[in-house]
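Subject: Structure handover

Hello,

Here is the structure I said I would pass on. Please open it next to this message; my notes come after it.

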Amino acid sequence: MTRMIYSRVKGAKKLLNPSADSRAVINSPTPQLKNLPFTSFNGAQASRDKEHQKLHHVLKSCKLHLDSATAIQTHARIVTRGYGTYPSLLASLLAVYKRCGCVTLATQLVDQIVNSACGVNYFNLVIESLMRNGECDIAKRVFRKVPNPDLVTWNTVIGGCVRNERFQEALGVFRKLVRSGLEPDGFTFSSVITACARLGALHNAQRVHCLMMKKRIEMNFILSAALIDMYSKCGRVQTAREIFGNVRHDDVSVWNAMINGLAIHGLALEAIEMFSKMEIDYVLPDSITFVAIMKACGHCNLVEEGRKYFDLMTSRYSIQPEIEHYGAMVDLLGRAGLLEEAYATIRAMAVEPDVVIWRALLSACRTHRNPELGEVAIANMSRPRSGDYVLLSNTYCSIKKWDSAERVREMMKKKRVRKNQGKSWLELEGVIHQFRAGDQTHPEMKSIYRVLEALIKRTKSEGFVPVTELVLMDVSEEEKEGNLNSHSEKLALAYGILKTSPGTEIRISKNLRICHDCHCWIKLVSRLLNRVIIVRDRIRFHHFEGGMCLCGDYW
């Protein structure tokens, strides 16, 4: 491998020649490299720690500027300076080669790592470094070639997939672990439970929980809190309560999980009651507790109670408000229509407001049709996302300021900001089925659209009128309805109806906030079909039954 690298840069002597390195850096497309003292790599004055950091910095710049030539040089220098087995540097090299399209080099480096004389602990460190750098695919490639992976190896891959939001892949690796004959431990289950929670995958969650009990995994506060969180996010808050009642309560994280679970289901009064029980049990709340309880108040328009807990945090428990607490307070006030007070709260913050704070205000401006304050909010965001522009555009649409809305859309095009595509998914018999807005990729798409069209026709006959005010204004009303009808949650619901028997509960998860049109439509569908439909959006749960939603149309 070393010989191959040398040949790519025309000889090892050139690599070891400081002046040659300097010329290569000057001619490099990576401008940051010009300020890096390459000559110090050979100097005794530079400690190995500093040298190691410089190599990391070079590779980071190579990745940013797609500078494969300098990456190859740096690779050779890593080898000649004795860093050829450093997991973090090898992980960075693999990331650069992948980003630069150097497939052969990446493959050869993976083979070199796996064929080295180092043991499994070394492979684990390499995989961990790759996962930390977000290189999940390369980490899994290394993992597949490790001769005899131990449980730590498996746990590193599963945990890394979860950290990189590859939840279905984490579950897939877990299933392979179970088949391998190795016994999963508490660390394994902690990661897998998190994956189930993030997916809202109830069948998988129940299987994992059953296996955990079968293996007699010792419960601790981490696993207890994780199980409560999992069932809450899978739409089974009652099961979460039962688990809470059967585990030890002496750690605050268990209480936090339960309070947050009640909050996302809009059960604010129960969350407040849980907080009171926590005080009675002499368990001190922490900063996370107050974020959860204020979130619960925000979902149910309990403004005075939210203010009380915000003040209680400092007055009784000496917890100084952090950015998350201010965010919850701004969200609480904004949802209630108290926009000026929300803005005053931001201006009075003891810390610099971040983009999440301004986004909460912007969202409230959309809900309560205040484009002037919305403009203030987006102007204070250092790097607005696509959703922020869409919120502002929709604010203008809601008051029929079409020119202003179009100007925002044009700005998005100019800045090459692409709108985040909505996606929804549901779990049927342990399999996750995902849909995007306007999706045509599912193998049963024709049947899905046939069910959806029948539902739309039936809801219209019952008097449903699509909410088209926020759809792009430069198309006809018919086209606006067409856009709304292909939203991802409607496709997921149609598929759930297609594949389940009458009366079966349908659970859907969505990556964005559910829109007003879909919310109204699903309420009517729940009544017409006599179905319980549960939708978990980015903010909270919506429990549709009998033509009503437990959120009370407040979300």
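This is a predicted model: local features need pLDDT of at least 70, side-chain atom pairs count only at pLDDT 80 or more; totals for chains, interfaces and linings use all residues.

Helix pair. Helix α24 covers residues 386-398 and helix α25 covers residues 402-414; their axes come within 7 Å and cross at roughly 165°. Angles over 145 degrees count as roughly antiparallel, and α24 and α25 are therefore roughly antiparallel to each other. The crossing in which α24 passes α25 is left-handed. On the α24 side, the contact is made by Ser386, Tyr389, Val390, Leu392, Ser393, Asn394, Tyr396 and Cys397. On the α25 side, Trp402, Ser404, Ala405, Arg407, Val408, Arg409, Met411 and Met412 take part. Sorted by class, the contact between α24 and α25 consists of 10 nonpolar, 4 polar and 2 charged residues.

Nonpolar cores. In soluble globular proteins, nonpolar side chains tend to be buried together. In this model the largest nonpolar core has 134 residues. Tyr97, Phe189, Ile193, Met230, Ile293, Tyr309 and Leu361 are the residues with the most contacts inside that core. Helix α16 (residues 252-264) supplies the largest share of this core, 8 residues. Met230 is in contact with Ile193, Cys196, Ala197 and Ala205, leaving aside its neighbours within four places in sequence. There is also a second, separate core of 32 residues, and Ile514, Ile533, Cys551 and Trp555 are among them.

A buried histidine. His519 sits in helix α29 (residues 516-528). Buried means under 20% relative accessible area; His519 is at 1% relative accessibility and so counts as buried. Not counting residues up to four places away in sequence, His519 touches Ile514, His542, Phe544, Cys549, Cys551, Asp553 and Trp555. Of these, Ile514, Cys551 and Trp555 are also included in the second core.

Two loop residues. Ser318 has a phi near 55°, which is a positive value in a residue other than glycine. Ser318 lies in the loop between α19 (303-315) and α20 (323-335), and with a relative accessible area of 59% Ser318 is exposed. Arg416 likewise has a positive phi, near 55°, and is a residue other than glycine. Arg416 is placed in the loop between α25 and β1 (423-428). With a relative accessible area of 77%, Arg416 is exposed.

Regards

Conventions:
Residues are numbered from 1 along each chain as its sequence is written. Side-chain values use heavy atoms; hydrogens and water are left out. Axes are lines fitted to C-alpha atoms, for helices over the stretch in contact, and angles run from 0 to 180 degrees between N-to-C directions. Helices (H or I, at least four residues) and strands (E, at least two) are DSSP runs, numbered from the N terminus. Angles under 35 degrees count as roughly parallel, over 145 as roughly antiparallel, 65 to 115 as roughly perpendicular and the rest as oblique. A crossing is left-handed if the near helix is turned anticlockwise from the far one by less than a right angle, and right-handed if clockwise. Contact means heavy atoms within 4.5 Å. Ala, Val, Leu, Ile, Met, Phe, Trp, Tyr, Cys and Pro count as nonpolar, Asp, Glu, Lys and Arg as charged, and the others, Gly among them, as polar. A nonpolar core is a set of buried Ala, Val, Leu, Ile, Met, Phe, Trp, Tyr and Cys residues joined through side-chain atoms within 4.5 Å. Buried means under 20% relative accessible area, exposed over 50%, partly exposed in between (1.4 Å probe, protein chains only).
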